[in-house]
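This report describes selected features of the structure shown below.

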Amino acid sequence: MKRFFIVESDVNPESFLSDIRGAHRSVAGFLMLMAFCLALYGCGKQEIQEHPAPPEPPAETVQVDSIWLSTDKAIVSVGATLRMTAGYAPSDAVFEGFKWESSDNSIASVDASGRVTGISAGFADITVMYGVFSASCKVMVKDPAAPQIGYYYYSDGTWGPELDPHKVPLGIIFYVNPDGKGGKMLNVEEGDAIWGVPGESGAGDEYDGAANTELIMSREEYRYRYPVVAWVADLRTAAVSWYLPAKYELQQIYAGASGLQWMESGADEFFGQVDAWGVGMSVLKEEKYRAARDEFNRKIGLIPGGTGIEFDRGNAYWSSTEENENDVWLLALANGIMNISGKDSGYGRIRAIAVF
């Protein structure tokens, strides 16, 4: 049941209805405007949900920019091993492992972890690699069973660091071949004479005293004309062909007595080596080398008839290398100074050597 309320008013009914209609239109417009805004707002929210913010970019990968080895020189014995230590930088780089290789697997081998094994006497370069980067270490392999400088050499073809009373010593080893197989020994006796008379030349080899000695011995009356060569020739036996050292073989004697391996070039003191030196140069004067020479002479003195080298005097030792028909090379074993002198200029010391 509908109820109607009648309100009395002095307002004109037609005017009131007109106002109602206007108000109705205003409210309807307002409601329509609100509905349209709400629709726009809803659409805007939907667009934001469909296009989220982009994700954070991934962290940049750090690459290795250098590698290194803890040492660039090492010594290992045959049958022994040593571990190479390698590293890379920067420390937070992505790292996938090193590769290793040896320049000569017959001398020294290396495994995937950097462990080096000595195979035979000699030198090999061990290299570690990563991408375009590499680092190397020079490895010297020593054979304890091979001849060593300062060892006695015996008539039965063996050698050892101490004098064996049950064997016949022939000399003292002063030079070892680079491959460790053979070398040169020094006779323990010493002579004193003029070199010879001037007039002939031709024995000019600076490294091969055996060739020089043979050439001089082929000359007429060499025993009379070249006393130093005659003295050496008298030491020869069926087992050993002693000869007068050449110019640089005298350096080898001085270096070996000082505990070093003589090298024509490329020597490294770390490996116990010394380079050939020039004319007039005094070398190996440090106390450690003097001590080594004293020990070398002590070993010579233990052999019956052995005479130590006169390292503490100014006497020079003759070589077999002729500079010309009048002059010959000699070396002062007190200081290593090498020079030339007249063949008949005076007396000098004589030492014979031989290969084994």
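How many aromatic pairs does the count come to by this rule, under which rings of Phe, Tyr and Trp (its six-membered ring) pair if their centres lie within 6.5 Å? The count comes to 17 aromatic pairs.

## Basis of the values

The model is predicted: local features need pLDDT of at least 70 and side-chain atom pairs count only at pLDDT 80 or more, whereas totals for chains, interfaces and linings use all residues. Residues are numbered from 1 along each chain as its sequence is written, and side-chain values use heavy atoms, with hydrogens and water left out.

## Aromatic pairs and charges over rings

A pair of aromatic rings is described by the distance of the centres and the angle of the planes. Planes under 30 degrees apart count as stacked, over 60 as edge-to-face and the rest as tilted. Tyr254 and Trp277 form an edge-to-face pair, at 6.0 Å centre to centre and with 65° between the planes. Tyr254 belongs to helix 5 (residues 247-257) and Trp277 to the loop between strand 16 (273-275) and helix 6 (287-301), so the pair ties together parts that are 23 residues apart in sequence. Helices (H or I, at least four residues) and strands (E, at least two) are DSSP runs, numbered from the N terminus. Buried means under 20% relative accessible area, exposed over 50% and partly exposed in between, with a 1.4 Å probe and protein chains only. Tyr254 is buried at 0%, and Trp277 is also counted as buried, at 5%.

One aromatic cluster is formed by Tyr88, Phe95, Phe98, Trp100 and Tyr130. Charged ends sit over rings elsewhere, the criterion being NZ of Lys or CZ of Arg within 6 Å of the ring centre and within 35 degrees of the ring normal. Lys247 has its charged end over the ring of Trp329, 3.6 Å from the centre. For Arg293, the ring is that of Phe311, and the distance from its centre is 5.8 Å.

Three strands, in the order 3-7-6, make up an open sheet with antiparallel pairing. Strand 3 (81-83) and strand 6 (108-110) are at the edges with a single partner strand each, so one side of each has no neighbour in the sheet. Two strands pair if DSSP finds at least two bridges between them. Strand 6 and strand 7 (residues 115-118) pair over three bridges in the antiparallel sense, and Val110 stands opposite Val116 in strand 7.

## Backbone exceptions

Most residues other than glycine have a negative phi, and most peptide bonds are trans. Ala89 and Pro90 are joined by a cis peptide bond, with omega about -5°. Pro90 is placed in the loop between strand 4 (86-89) and strand 5 (99-102).

Glu221 has a positive phi, near 50°, and is found in the loop between helix 2 (209-217) and helix 3 (222-225). Its relative accessibility of 60% counts as exposed. Leu284 has a positive phi of about 50° and is found in the loop between strand 16 and helix 6; at 10% relative accessibility, Leu284 counts as buried.

## The largest pocket

The largest pocket has a volume of about 510 Å³. On a 1 Å grid over the protein atoms alone, a pocket is an open set of points where a 1.4 Å probe fits, with protein on both sides within 12 Å along at least five of seven lines; lining residues have an atom within 4 Å of a point. Of the 27 lining residues, Met140, Lys142, Gln148, Val176 and Gln261 are the closest to the centre. Strand 8 (122-130), strand 9 (133-142), strand 12 (169-176) and strand 15 (261-263) each supply at least two residues of the lining.

Note on methods
Grid points are joined across faces, edges and corners, and a volume is the space filled by probe spheres set on the points.
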